[in-house]
Amino acid sequence: MNIRAPRKEPAGGKNYITPGGWQRLRDEHRFLLTRERPAVTQVVSWAASLGDRSENADYQYNKRRLRQIDRRIYILTKRIDAAEIVDPEKPRAGRAATQIFFGATVRYANASSTERVVCIVGRDEVDLDRNHISWLSPLARALMKAGAGDRVMLHAPGGTEPLRILEVSYQRIPVDPFTEPPGAESAPKAR
């Protein structure tokens, strides 16, 4: 089996993640191991019993699906093993309470005084619709270690932009729980 290793992490391989994001990874891992993989394996066995596998679409499709599931299980296992859970709600002291680090909710303004609020989360938790950005993103890197009232420069592929930090807070960052994907092999079939 040919499985590529996931992309290496900067900063010594750390996978910073919030408690909610870590739980979502664990739930997906558990679903794939205990429900989806056994269901697809059962379909592969059934399709293999029909005979000629070279012209059997059910066999070929589900064998490919099984490889995808195994690859995702491998990646999730690595991500969970490397996880360093950081709870944004945990009380912080000193500069850790006033400066921007992982788990911060930041309100800032750009040069045209347009305000935005972002939450800095792990790369497995990115949700741009909710303004959850990865701590590895150019914006988060520009904001890191700054505090309210500071000015920073965002160096992004689209250009350079000055930003003014308005507020830094640490609070619970809601993460959508894992939900079974539509069309999963283990899902109950409609009659």
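Contact here means heavy atoms within 4.5 Å. The structure is a predicted model, in which local features need pLDDT of at least 70 and side-chain atom pairs count only at pLDDT 80 or more, whereas totals for chains, interfaces and linings use all residues. Residues are numbered from 1 along each chain as its sequence is written, and side-chain values use heavy atoms, with hydrogens and water left out.

**The chain as a whole**

The protein chain holds five helices and seven strands, where helices (H or I, at least four residues) and strands (E, at least two) are DSSP runs numbered from the N terminus. Along the sequence these elements follow the pattern α-β-α-α-β-α-β-β-β-α-β-β. The chain is more spread out than a compact globule, because its radius of gyration of 22 Å is well over the 16 Å that the globule rule gives for 191 residues; the radius is taken over C-alpha atoms, and the rule is 2.2 Å times the number of residues to the power 0.38. Taken along the principal axes, the box filled by the C-alpha atoms is roughly 70 × 40 × 35 Å.

Of the contacts with a separation of 6 or more, 61% are between residues 24 or more positions apart. Buried residues make up 37% of the 191 residues, with buried meaning under 20% relative accessible area, exposed over 50%, and partly exposed in between (1.4 Å probe, protein chains only). The accessible surface comes to about 11,600 Å², and 50% of that surface belongs to carbon and sulfur atoms; the areas come from the Shrake-Rupley method with a 1.4 Å probe, and for residues only the protein chains shown count as cover.

| Residue | Strand | Strand residues |
|---|---|---|
| Ser 134 | β5 | 132-134 |
| Ile 85 | β2 | 83-85 |

Ser 134 is buried, with a relative accessible area of 10%. Not counting residues up to four places away in sequence, Ser 134 touches Val 121, Arg 123, Val 126 and Ala 140. A polar atom of the Ser 134 side chain also lies 3.0 Å from the backbone nitrogen of Leu 136.

Ile 85, by its relative accessible area of 44%, is partly exposed. When its neighbours within four places in sequence are left aside, Ile 85 is in contact with Ile 17, Thr 18, Pro 19 and Trp 22. The C-alpha atoms of Ile 85 and Trp 22 are separated by 7.2 Å, although these two residues are 63 residues apart along the chain.

Conventions:
Polar contact = N/O pair within 3.5 Å; in protein donor to acceptor, adjacent residues only side chain to side chain.
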